[in-house]
Amino acid sequence: MALAISPAQSEDPAMHAPVRIAMWSGPRNISTAMMRAWGNRPDTFVVDEPFYAFYLKKTGADHPGAAEVIAAGETDWRKIVEQCGRGLSAPTGKNIFYQKQMTHHLLPEVSRDWLREVTNCFLIRDPLEVIASYIKKNREPSVNDLGFVQQAEIFDFVRRQTGAAPPVIDADDVLHDPKRMLRLLCNAIGVEFTEAMLSWPRGWRETDGIWAKYWYAEVERSTSFQPYRERKVEVPKSLHEVYTRGREIYEELYQHRLH
């Protein structure tokens, strides 16, 4: 199945290839709200976790609706890479191609060469917040399930290829001041900020993955980024090692965040 893309809305279609933005994050990291922000731009089309079906088929991970996701999605990583890196340029008539990418979906056998063809950005979040959210669905995640190790690996690859640290944004910074952080992000990747990114209509999107019914209830009720709320979060003892490793990586990437 080809990647789902949103219908063209631009009255003046761009004649050149779009800016391809790959936003890398782990799960439970305001990544779907960030996809809403970009998807609400009239010049942008979005794709939701294009490697998810491949990841589920390859790993056999026990996720809600796994068989349905595999049946509906593309499971050949080479085709996904082609679409994310070079495909989907003219048909949409839009200037920006935003990819919501999960770091743990990029399994070791997937070539990293295509990352040179996209603008890679990284969305990070305090592991305490990530774990607190994730264990509502899966009580015993591994460090690989949460994507921190893979995020560091992808970040290091991109930095080696470009000779500079790619843009990093922290989820808490976004929730504290969405306008400021989205403006900084747009400036960093060379696209114009628009107020359309700050709010969106409530509900489901055609571009949402088929898994939305299991994971997106809160986002579907939203119309903007939710204000930051400080919470008291305790990591279960069984996840202390997972938290510690995730925290080390988070702090490394945090040093590069836009602020």
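A polar contact here is a pair of N or O atoms within 3.5 Å, where, within protein, one must be able to donate a hydrogen and the other to accept it. Keep that in mind as we walk through this predicted model, starting with an arginine.

R257 sits in the segment after α11 (240-254). Its relative accessible area is 18%, and since buried means under 20%, R257 counts as buried. So what does the side chain of R257 make a polar contact with? The partner is the side chain of D173, at 3.3 Å. D173 also turns up among the residues R257 touches once its neighbours within four places in sequence are left aside, and V168 and D170 complete that set.

Now over to strand β2, residues 44-48. Five of its five residues are buried, so the strand is largely enclosed by the rest of the structure. Look at either face and you'll find it covered: T44, V46 and D48 are buried on one side, F45 and V47 on the other. To pick out one of the partners, V46 is bridged to Y98 in β3.

Searching the whole structure turns up one cavity of 30 Å³ or more, and the largest cavity holds about 40 Å³ of space. Which elements each supply at least two residues of its lining? Those are β4 (119-124) and α6 (148-162). The lining includes L123 and I124, along with F148 and Q151. By class, it comes to five nonpolar, four polar and one charged residues, and R125 is also part of the lining.

Methods: Residues are numbered from 1 along each chain as its sequence is written. This is a predicted model: local features need pLDDT of at least 70, side-chain atom pairs count only at pLDDT 80 or more; totals for chains, interfaces and linings use all residues. Side-chain values use heavy atoms; hydrogens and water are left out. On a 1 Å grid over the protein atoms alone, a cavity is a set of points where a 1.4 Å probe fits but cannot get out, and a pocket is an open set with protein on both sides within 12 Å along at least five of seven lines; lining residues have an atom within 4 Å of a point. Grid points are joined across faces, edges and corners, and a volume is the space filled by probe spheres set on the points. Helices (H or I, at least four residues) and strands (E, at least two) are DSSP runs, numbered from the N terminus. Ala, Val, Leu, Ile, Met, Phe, Trp, Tyr, Cys and Pro count as nonpolar, Asp, Glu, Lys and Arg as charged, and the others, Gly among them, as polar. Buried means under 20% relative accessible area, exposed over 50%, partly exposed in between (1.4 Å probe, protein chains only). Contact means heavy atoms within 4.5 Å. Two strands pair if DSSP finds at least two bridges between them.
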